[in-house]
Amino acid sequence: MADLAALIAGWAKPGRLEWIGLRPDRRAEVQPVDTVLISADGLEGDRARAGKRAVTLIQQEHLVAIGSYLGRGLVAPEILRRNLVVSGINLAALKGREVQVGEAILRFTVICAPCSRMEEAFGKGGYSAVRGHGGWCAEVVKPGRVVLGDVVQPVD
């Protein structure tokens, strides 16, 4: 039987980058793009700043869960205002690890908790629907370009 550290370090298959969004200003509409350069400060054209919250990520699978809690289908990633939507790999299992997304390497730092705007965006219960499914914040370890369809996987 494998020890706990080996189990935690394992992953079944790489994920895939499904969507990229830029938030140019605080309350501006999120702009979807097909490719972007991630610098030490975060995505070029995004209002993020360097540090442990430079890039935000969410799992595509959680967009379905959030929609289900709200009594609707898949929610659009623009509403949640995250930078990257990833499918096929459990982002929560990657906390504290270095993760390659395209040419960039990120380190997941803290959960990306919902803000009060979720009530504005989804109506009553919007905040609670996103709790536990809001994604992750990451710091930039190595800048690089990311493109839709890029592989997302831990750096081992």
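Leucine 4 is exposed, with a relative accessible area of 59% (exposed means over 50%, buried under 20% and partly exposed in between, with a 1.4 Å probe and protein chains only). Leucine 4 lies in helix α1, residues 4-9; helices (H or I, at least four residues) and strands (E, at least two) are DSSP runs numbered from the N terminus. The model is predicted: local features need pLDDT of at least 70, side-chain atom pairs count only at pLDDT 80 or more, and totals for chains, interfaces and linings use all residues. Residues are numbered from 1 along each chain as its sequence is written, and side-chain values use heavy atoms, with hydrogens and water left out.

Together with Leu7 and Ile8, Leu4 forms a nonpolar surface patch of about 320 Å² of accessible area. Patches are made of residues with over 30% relative accessible area and no salt bridge, nonpolar side chains (Val, Leu, Ile, Met, Phe, Trp, Tyr) being joined within 5 Å and like charges within 9 Å. A salt bridge is a side-chain nitrogen of Lys or Arg within 4 Å of a carboxyl oxygen of Asp or Glu. Accessible areas come from the Shrake-Rupley method with a 1.4 Å probe; for residues, only the protein chains shown count as cover.

Serine 87 belongs to strand β6, residues 84-87, and is buried at 14% relative accessibility. Apart from neighbours within four places in sequence, serine 87 contacts (heavy atoms within 4.5 Å) Gly15, Arg16, Glu18, Gln60 and Glu61.

The disulfide count (cysteine sulfur pairs within 2.5 Å) is 0. Cysteine 112 is in no disulfide, the nearest cysteine sulfur being that of cysteine 137, 3.9 Å away. Cysteine 112 is buried, at 9% relative accessible area, and cysteine 137 is buried at 2%.
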